[in-house]
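Please look over the sequence and the structure shown below before reading on.

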Amino acid sequence: MTTENGYMKALKCRECGREYPLTANHVCEYDFGPLEVAYDYDLIRKSFNRKTIESRAQSMWRYRELLPVATEPTVGLQVGHTPLIKADRLAKRLGIRELWIKNDTVNYPTLSFKDRVVSVALSRSKELGYKTVACASTGNLANSVAANAASAGLRAFVFIPADLEQGKIVNSLVYGPEVIGIKGHYDEVNRLCAEIAGKYGWAFVNVNMRPYYAEGSKSMGFEIAEQMGWKLPQHTVVPMASGSLLTKIHKSYQEFAKLGIVESSGYKIHGAQASGCSPITVAHKAGLDFFKPVKPDTIAKSLAIGTPADGFYALKVMKETQGHGDDVTDDEIREGIRLLAEYEGIFAETAGGVTVGVAKKLIANGRIPKDDSAVLCITGNGLKTLDAVVGHVGNTKEIRPSLREFEALLSAEEKASA
Ligand SMILES: *Cc1c(COP(=O)(O)O)cnc(C)c1O
Ligand SMILES: [Zn+2]
């Protein structure tokens with residue numbers, strides 16, 4: 001490492017390109033454009049290749065040169081390297097030649113892809129000297145900040161909409177942070193957090209730390225490329241809340257291609273939303289470059305952001321890669337959850353139902369051609385959103401502990417299915 005910033009060069013405005021020092025800062029003071037971490041790719045190229053990556057431990061930190069910490073990561077060292085599963089049964093059901101599931105339902109430690117972004121954000125927050133961390137969350141981020149702050153010995157404040165699923169709330173409270181339920185939508189939570197972040201000297205992972213935080217999502221794309229055998233997939237279907245994950249998967253593919261780690265190829269990135277909160281996919285389908293904010297009303301609460309911070313850039317990525325965007329109803333979300341469970345044995349949360357539901361639609365209407373290969377990003381665990389499926393997955397059949405009753409039940413079932 002040659003400088004105090006390691007492989008990072010600066011924070012750079014996505015609009016005007018002005019550069020800023022690598023502090024906790026997320027907007028350009030000239031045009032309010034979002035800041036993004038810029039790297040020294042020439043320096044990275046010297047030592048970072050397939051061999052170095054393969055020689056390292058199996059976690060997201062094996063791509064460390066492309067993640068924004070100056071020295072070594074200190075929080076979330078075990079995060080990432082989740083399974084990429086060849087989903088042959090679901091492929092057949094959806095009518096596509098080849099299908100893969102990137103399974104972040106089993107990410108460590110809080111069972112969603114948010115552990116990736118939090119691992120980076122908290123490692124960087126510690127480097128910058130922060131003792132208190134915070135976030136505005138639709139649920140999974142709160143869980144991950146709470147757990148990772150606990151293990152790092154940091155004080156944590158998590159702000160959530162008060163009406164979140166029980167599973168998401170308990171999975172934050174148990175780690176002992178301050179959990180603040182705001183009576184309002186996520187967008188109102190986020191607005192309040194921007195005010196608080198300006199007033200208190202805290203590291204808000206998705207406000208003033210957002211440039212670092214967002215980079216953590218790239219690790220999902222790096223892993224997909226490595227697990228596909230150092231190849232970029234033809235199609236990647238990504239769920240969108242703020243739209244950040246989708247833009248960062250694109251960035252990860254581009255960085256690997258730029259560094260010669262994979263061959264560049266004409267991949268397409270498709271965005272998935274719930275119809276009850278679909279500002280980005282509605283704009284995409286109308287051929288617009290800008291979205292119109294909405295008031296969310298969907299069971300996919302982890303994706304319920306009506307004013308998506310990266311919506312504009314997500315639209316650009318879908319357009320540039322010739323990908324598509326679509327959205328699905330609550331019933332289609334539940335069907336998506338069941339398809340993934342019944343055909344692949346994976347229980348995803350509502351966001352996973354959104355991704356599977358949208359993939360099903362895109363395959364059926366030919367936007368993802370049947371002879372192609374696709375990766376679905378499954379980002380969160382179904383055990384946290386039981387409320388969404390209770391009453392929609394059938395019931396247990398109750399009998400007394402008697403062989404005769406069991407056999408009567410079995411023959412009735414066989415008759416019914418004959
Ligand atoms: C946060 C979240 C997303 C999407 O996040 P972006 O804001 O678009 O990066 C997707 N799935 C789950 C389960 C999430 O919690
Ligand atoms: Zn600018």
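His-250 has a relative accessibility of 8% and therefore counts as buried, where buried means under 20% relative accessible area, exposed over 50% and partly exposed in between, with a 1.4 Å probe and protein chains only. The model is a predicted one, in which local features need pLDDT of at least 70 and side-chain atom pairs count only at pLDDT 80 or more, while totals for chains, interfaces and linings use all residues. Residues are numbered from 1 along each chain as its sequence is written, chains are lettered from A and ligands numbered from 1 in the order in which they are written, and side-chain values use heavy atoms, with hydrogens and water left out.

**Surroundings of His-250**

- His-250 belongs to helix H10 (residues 244-258); helices (H or I, at least four residues) and strands (E, at least two) are DSSP runs, numbered from the N terminus.
- Apart from neighbours within four places in sequence, the residues in contact with His-250 are Tyr-267, Ile-269, Val-317, Glu-320 and Thr-321, contact meaning heavy atoms within 4.5 Å.

- Cys-13 is buried at 3% relative accessibility, whereas Asp-31, with a relative accessible area of 33%, is partly exposed.

- Helix H14 (residues 350-364) has 15 residues and reaches 21 Å from its first C-alpha to its last, close to the 21 Å expected at 1.5 Å a residue; the expected span is 1.5 Å times one less than the number of residues.
- Twelve of the 15 residues of H14 are buried, so this helix is largely enclosed by the rest of the structure, and its cover includes helix H3 (88-94), strand E10 (235-239) and helix H13 (330-344).
- Helix H5 (residues 140-152) is mostly covered, with ten of its 13 residues buried, and what covers them includes helix H4 (114-127), strand E6 (132-136) and helix H8 (210-215).
- After H14 comes Gly-366 with a positive phi near 80°, and just after H5 Gly-153 takes a positive phi of about 70°.

**Backbone features in loops**

- Most residues other than glycine have a negative phi, and most peptide bonds are trans.
- A cis peptide bond, with omega about 0°, joins Tyr-108 and Pro-109, and Pro-109 lies in the loop between strand E5 (98-103) and H4.
- Leu-111, in the loop between E5 and H4, has a positive phi near 65° and is partly exposed, with a relative accessible area of 29%.
- Gln-322, in the loop between helix H12 (311-320) and E12, has a positive phi of about 60° although it is not a glycine, and Gln-322 is exposed at a relative accessible area of 54%.
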